[in-house]
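Please take a look at the sequence and the structure first, and then read on.

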Amino acid sequence: MPEPAAAEPALYAARPKAYPREIGGRFQRLRKLAVLALLGLFYGLPWLTWDDRQAVLFDLPARQFHVFGLLFLPQDFFFLALLLICAALALFFFTAVAGRLWCGYACPQTVWTEVFLWMERWVEGDRARRMRLDKAPWTAGKILRKTAKHALWIAFSLFTGFTFVSFFTPRVELWQELTRFDLGGWELFWGLFYGFATYGNAGFMRENVCIYMCPYARFQSAMFDRDTLIITYDQDRGEPRGGRARGVDPRSRGLGDCVDCTLCVQVCPTGIDIREGLQYECIGCAACIDACDSVMDRVGYPRGLIRYTTEAAVLGGHTHVLRPRIVIYGLLLLALLTALGTAVALRTPLNVDVIADRGRLYRETADDQIENVYTLKVVNKSGDPERYRASITGLPGATLETDPPRFQVPSAGVAVVPMRIRVPADTLTARVSTLTLTVTAAGGASAAQDVRFLGPANDD
């Protein structure tokens with residue numbers, strides 16, 4: 001008889017759904033604090049008021065960005081570039097030191113997924129009940145629980161979308177438009193889009209975002225080395241794993257300390273087995289550490305079968321905390337943060353630009369003076385209207401005229417002012433002289449700029 005043909009291997013195997021089990025412990029308490037702090041920051045910032053204005057508001061139509069009393073304009077985008085560089089360096093630095101801290105404690109996907117899991121547990125119960133409920137046939141009770149869960153998810157997602165839009169549209173104005181059912185097209189689109197993204201990513205995709213979509217998981221190994229702090233299972237101590245009665249010495253049975261309870265797998269949000277070694281799916285949440293420590297406490301074994309450690313320590317070597325990449329990342333990050341803080345602190349609330357009249361180089365007046373004509377542009381980068389006046393220094397007898405002599409500029413506004421500078425001809429010693437123009441606000445702020453003054457050639 002001919003042998004039966006072997007079954008063709010499947011090209012694609014669906015990933016089983018993860019049902020993370022709730023666990024307590026020191027690291028999970030730290031994660032909950034991080035989740036609450038980050039959620040409070042996201043949902044609370046639009047409701048803070050600073051100088052009678054929303055503390056954080058990115059007003060795109062007006063091209064004004066208000067951050068705790070500071071007004072940034074498109075001309076200040078280099079601050080954003082510097083901030084993004086600092087964020088990238090911080091990611092490199094903390095990853096090299098302690099692995100995927102960002103993923104486990106601060107990533108928005110992790111934070112919102114944790115909140116959705118809280119709501120899911122509250123409605124459907126613990127891990128075992130959720131698994132039984134999903135396998136059970138559809139009944140009135142199952143429909144009620146699923147409907148209640150999704151109603152909570154949708155309400156929370158819509159509130160998240162509203163909060164996101166309120167960073168770009170003043171919250172009071174947005175709330176009034178919402179209560180009148182008069183939201184603008186863009187506000188409605190982005191509110192629903194962000195809400196739908198939250199609902200889909202945190203409610204359905206969850207670990208798949210981390211495993212398949214997030215690029216960080218793919219290149220994190222390039223930032224790891226033997227001295228990076230990572231979550232590791234101690235194979236020498238734990239293997240061979242197996243069950244045993246409480247109080248039995250595992251060495252007498254030829255076993256390691258791992259009782260093979262699989263609790264570390266049950267609590268993992270991505271559904272991996274940390275005992276199989278470091279895997280790119282691990283987000284570093286330390287849930288497996290808390291789960292294993294609780295089991296070790298119950299069976300009377302020392303903690304640390306799964307722990308934060310380094311490859312060098314596991315192999316019996318010495319961990320080097322200060323190493324070249326850490327020092328370089330740290331110094332660069334410190335220097336850039338210092339530069340960013342200093343630049344913001346010393347930032348002047350006005351911008352001055354002088355444009356020479358290209359129609360003529362200079363003009364000789366009847367009273368033997370040389371006149372140059374310019375256009376003065378003043379940008380008010382403060383949060384309030386300001387009155388300004390201009391003055392000139394650098395040559396004896398130099399005078400400046402603006403039309404008008406004092407001019408007012410609204411917040412984030414630009415004033416274009418005609419300007420004339422006159423200098424006595426006998427004080428000019430060169431074809432081109434450099435003068436200093438100073439624009440001073442009534443509030444005391446000032447900005448200076450060098451001005452090139454042209455005159456006739458002096459043959460003496």
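The notes below cover helices and strands, cores, loops and backbone details.

Please keep in mind that this is a predicted model, in which local features need pLDDT of at least 70, side-chain atom pairs count only at pLDDT 80 or more, and totals for chains, interfaces and linings use all residues. Residues are numbered from 1 along each chain as its sequence is written, and side-chain values use heavy atoms, with hydrogens and water left out. Helices (H or I, at least four residues) and strands (E, at least two) are DSSP runs, numbered from the N terminus. Buried stands for under 20% relative accessible area, exposed for over 50%, and partly exposed for what lies in between (1.4 Å probe, protein chains only).

**Helix α13 and the cores**

- Helix α13 covers residues 287-299, and its 13 residues reach 19 Å from the first C-alpha to the last, close to the 18 Å expected at 1.5 Å a residue; the expected span is 1.5 Å times one less than the number of residues.
- Buried residues of α13 are A287, C288, I289, D290, A291, C292, D293, V295 and M296.
- The cover over these buried residues includes α1 (26-44), β6, α11, α12 and β7 (306-309), where contact means heavy atoms within 4.5 Å.
- Just after α13 comes G300, with a positive phi of about 85°.
- The largest nonpolar core has 31 residues, of which I231, I274, C288, I289 and I306 touch the most other members. Such a core is a set of buried Ala, Val, Leu, Ile, Met, Phe, Trp, Tyr and Cys residues joined through side-chain atoms within 4.5 Å.
- Two or more residues of this core come from each of α3 (101-106), β6, α12 and α13, and α13 gives the largest share, 7 residues.
- Leaving out residues up to four places away in sequence, I274 touches I231, Y233, C264, Q279, C282, C288 and I306.
- Another core, of 28 residues, lies apart from it, and I370, A415, V417 and L428 are among its members.

**Strands and sheets**

- An open sheet is formed by 3 strands in the order β3-β4-β5, with antiparallel pairing; two strands pair if DSSP finds at least two bridges between them.
- β3 (56-59) and β5 (70-72) are the edge strands, each with a single partner strand, so one side of each has no neighbour in the sheet.
- On average, neighbouring strands of this sheet are turned by 15° against each other, direction ignored. Axes here are lines fitted to C-alpha atoms, for helices over the stretch in contact, and angles run from 0 to 180 degrees between N-to-C directions.
- Strand β4 (residues 64-67) is joined to the antiparallel β5 by 3 bridges, and L71 in β5 is the bridge partner of H66.
- Strand β11 (residues 386-393) runs antiparallel to β13, with 4 bridges between them, and E386 has V409 in β13 as its bridge partner.

**Two buried loop residues**

- D234 is in the loop between β6 (230-233) and α11, and it counts as buried at 17% relative accessibility.
- The side chains of D234 and R307 make a polar contact (3.3 Å). A polar contact is a pair of N or O atoms within 3.5 Å; within protein, one must be able to donate a hydrogen and the other to accept it, and residues adjacent in sequence count only if both atoms are side-chain atoms.
- P46, in the loop between α1 and β1, is buried at 0% relative accessibility.
- Not counting residues up to four places away in sequence, P46 touches Q54, T163, S166, F167 and R171.

**Backbone details**

- Most residues other than glycine have a negative phi, and most peptide bonds are trans.
- The peptide bond from E239 to P240 is cis, with omega near -10°, and P240 lies in the loop between α11 (235-238) and α12 (263-266).
- A cis peptide bond also runs from D403 to P404, with omega near 5°; P404 is in the loop between β12 (399-402) and β13 (406-409).
- D51 is not a glycine, yet its phi is positive at about 55°; D51 is exposed, with a relative accessible area of 60%.
- D260 has a positive phi near 55° and is partly exposed, at 35% relative accessible area.
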